[in-house]
2 protein chains.
Amino acid sequence: MNKHIPLSAGTASSPIYDALRRDLVGGRFAAGEKLAINALKEHYQVGLSPLREALNKLAAYGLLIQENQRGFRVPKLSREELDDIARLRTELEGMALERAIVHGDAVWEADLLAAAHRLKRADVSLDKGEEWERLHTQFHRTLVAPCGSVWLLRFIEQLHDQFDRYRRLGPKMPSIRQELDEQHHQLVELALHRDGKAARALMDDHIHKSYEVALARYQAHA
Amino acid sequence: MNKHIPLSAGTASSPIYDALRRDLVGGRFAAGEKLAINALKEHYQVGLSPLREALNKLAAYGLLIQENQRGFRVPKLSREELDDIARLRTELEGMALERAIVHGDAVWEADLLAAAHRLKRADVSLDKGEEWERLHTQFHRTLVAPCGSVWLLRFIEQLHDQFDRYRRLGPKMPSIRQELDEQHHQLVELALHRDGKAARALMDDHIHKSYEVALARYQAHA
DNA sequence: GTATGGTAAAAAATCGATTATTTTGTCTAA
DNA sequence: TTAGACAAAATAATCGATTTTTTACCATAC
């Protein structure tokens, strides 16, 4: 029986959590903005209690700031933080990738090829690229999945969300996309050939290029 | 004006969060135990709403598991997870320490000496060692504080809490305590001498020794 | 003209009660 | 005797309303 397990198992009670997280990462709220709880309640068509529970979880996750008796606020963006996130992503994702290449089995190889293929085929122009974003996240997740450390994966996912707040500030740039897509396929190649060192080097470069995109968009205000 | 900032700033609204966190890390609840919300409500003398918000935050933080419509549960302990946590702590705390030694200033040196001294002087027999635990956490936090990465510090703190769930399973062992205390002072020495490499090596050893304590206690069931 | 104090409006946090879901216990039928 | 279904109890999740705190505005004094 292939019982279908919900993607974000455990916390599935509130779809509001996923919706809010997506909108926060996607930049649907301005950085520094104070969230009007009543407005959210109406917009997402949800009660106060589930909404507040979702906000609390997101605050603990780092996508919101909770101020003493002053509600919730979208965290400010800063050059320093972007640098911090990118650097740490480089360290942690590189570490995870090397480990994954050691431990990944044949199923992983197949998953990886599938994820890369789906990403390549994704229609960027579809729903404002939302589907591409989902597949992109999924690809990176698949890449490091067999690293053997639940906590490392958790931190990487958290950093990814934070990073994407910067990367997704501006409009799509098809030229850059091309280049990054190429790297995705090279990453798969190196992973399949079990070349951990080279894969890590490429990942460093991949994150650095994404960082430059994110930095440019951040500096263009938005 | 040396205005005192609450330790866990931002989320200060509910002291219930801190109390629960302390009790979870301190092992006041059995691993795998399902939390009876009404009992908690009574025990901590708090309303349902603040309690649920605290539980949600703790679940997002990783000190609780939230199951779909089945409330909250204390995460199970496992050898695999302990290994994972210890290994990652070694990587991240070592990384942070090296960076802190590069960036730390004179104020840091003073803070470090102070933290180490307070830890040494702490009365272990006082309130079931609770005060020692607090100072021990504070010492390690001080050690890596100037590493320059907010996110790295965040992850380290999270791992520390997870690690302590294992380390604090059993009763106090004064003989081991002696040895670890000695290492704390050596760490300060190396930090003051700006010997990043040696400090990191000692930190690796320090975490490994703590790991052996934690593992022994875990294997003694509890 | 600026600063201060007070009042009104807004918003966040919390409470008490209701609703929905899961778990437990019991009874019946194979 | 066991398995299954139903009912009852327990518990989690949610709702609507109340309380508390903050923010905005305005009047008055200096």
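Select E133(B), R167(B), R168(B), G170(B), K172(B), R177(B) and R217(B), which line the second largest cavity of this predicted model. A cavity here is a set of points, on a 1 Å grid over the protein atoms alone, where a 1.4 Å probe fits but cannot get out, and lining residues have an atom within 4 Å of a point. The volume is about 40 Å³, taken as the space filled by probe spheres set on the points, with grid points joined across faces, edges and corners. This lining holds no nonpolar residue, 1 polar and 6 charged, where Asp, Glu, Lys and Arg count as charged, Ala, Val, Leu, Ile, Met, Phe, Trp, Tyr, Cys and Pro as nonpolar, and the others, Gly among them, as polar.

Next, select the lining of the largest cavity, including W132(B), H136(B), M173(B) and R217(B). About 140 Å³ of space lies there, and its lining divides into 5 nonpolar, 2 polar and 3 charged residues.

Then turn to DNA strand D. Of the 16 residues around DNA strand D, G47(A), S49(A), R70(A), R52(B) and N68(B) come nearest; a residue counts as near if one of its heavy atoms lies within 4 Å. Display R52(B): a side-chain N or O atom is 2.7 Å from a phosphate oxygen of DNA strand D. For S49(A), the corresponding side-chain atom is 3.4 Å from a base nitrogen of DNA strand D.

Residues are numbered from 1 along each chain as its sequence is written, and chains are lettered from A and ligands numbered from 1 in the order written. Local features need pLDDT of at least 70, side-chain atom pairs count only at pLDDT 80 or more, and totals for chains, interfaces and linings use all residues, while side-chain values use heavy atoms, leaving out hydrogens and water.

Terms used: Polar contact = N/O pair within 3.5 Å; in protein donor to acceptor, adjacent residues only side chain to side chain. 1 Å grid on protein atoms, 1.4 Å probe; cavity = no way out; pocket = protein on both sides within 12 Å on 5 of 7 lines; lining within 4 Å.
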